[in-house]
Amino acid sequence: MKKIFIKLVFFFMVTGCTQGGGDGRGSLADPLPSWADGPTKQAIVAFVKQVTDSGGAGFIPVAERIATFDNDGTLWAEKPLVQELFAIYRVKKMVARDPGLAKVQPYKAIVENDKDYFVKGGEKALVQLVAATHTGMTEDEFEKSVADFFSQAIVNGRPVRQTVYQPQLELLDYLRTNGFNIYICTGGTVDVVRGISLPLYGIPKERVIGTNFKYQFSDSTGQLMRMPELDHFNDKSGKPAAIQLHIGRRPVFACGNEGGEGDIEMLQFSQGSSYPSFQLLINHDDSAREFYYQEKGNESLHAALEGHWHVVSMRNDWKTVYPEK
């Protein structure tokens, strides 16, 4: 009997060590291993512990644990913008089927010089091209086109799956395991992001909010047609409006990025919650592992300073940026 007791004690000692022990510092106990130990990571963990403690004053019911994340520059790299690459892909497919389009704008500009088209035209040019290449077909046809593109898309020498940010994947998992309902709220077109949201982020397509065009239902075919008319541009002040329309609750955790001023209003909307809330802004300050870029007036960083938001330095707060190949 004594021998059995000693073996049991030894067993629990060994299994306790492999699971990180009682102090919570073992390898399995760290929910954010790609995040450097510092104020930002500590603040995230402290917030999650606060809002999930059922006996604490800061407890948030599961139904109200809404988290919204921007996509471009927040969950994956936005240089080059994947939405642009998909639009160029669509142009090439459309011109291959109808060579006459190569003489018509905006297709002509892409065929001649796809990079300069966006540099010169900016956001207006992108919206024009997206309207031309994302509409005039059934929803089923468009979804197939999105799937075909992502099956072969290479961004910065990497498959799309490897352009996501590893620390953010860990953050999504950490929030998810603590009862958060996670949504993507992107300026990109909703149907493109829905094509990758589940396999890349574990977020189902019904939890993606984005820019969308109008649909028209055909009684004769039973199909939804994508119309060349913008219904909602999901950027800046459009994001809180879309969140309210689709979710009906303020997010208590909101994450965006510095670079285009597009997420300021979403984070401000989150900060107005009656529950404790957390605002996170990704700063692209790592030219070695990703990119270095800033807004001309640093509006997002100024808003973060004024609102006491947490700013992620990619250079200092992330041990790694992309998943291993």
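Modeller: A salt bridge here is a side-chain nitrogen of Lys or Arg within 4 Å of a carboxyl oxygen of Asp or Glu. This is a predicted model: local features need pLDDT of at least 70, side-chain atom pairs count only at pLDDT 80 or more, and totals for chains, interfaces and linings use all residues. Residues are numbered from 1 along each chain as its sequence is written, and side-chain values use heavy atoms, without hydrogens and water.

Both partners sit in helix α5 (residues 139–152), four residues apart, about one turn of the helix. Helices are DSSP runs (H or I, at least four residues), numbered from the N terminus. Lysine 144 is exposed at 53% relative accessibility. Aspartate 148, at 28%, is partly exposed. The cut-offs: buried is under 20% relative accessible area, exposed over 50%, partly exposed in between (1.4 Å probe, protein chains only).

Helix α6 holds another pair. Aspartate 173 bridges to arginine 176, with closest N and O atoms 2.7 Å apart. They are three residues apart, about one turn of the helix. Aspartate 173 is partly exposed at 41%, and so is arginine 176 at 30%. Elsewhere, shared partners join Glu139, Asp191, Arg194 and Arg226 into one network.

Lysine 41 is buried at 6%.

Note on methods: Helices (H or I, at least four residues) and strands (E, at least two) are DSSP runs, numbered from the N terminus.
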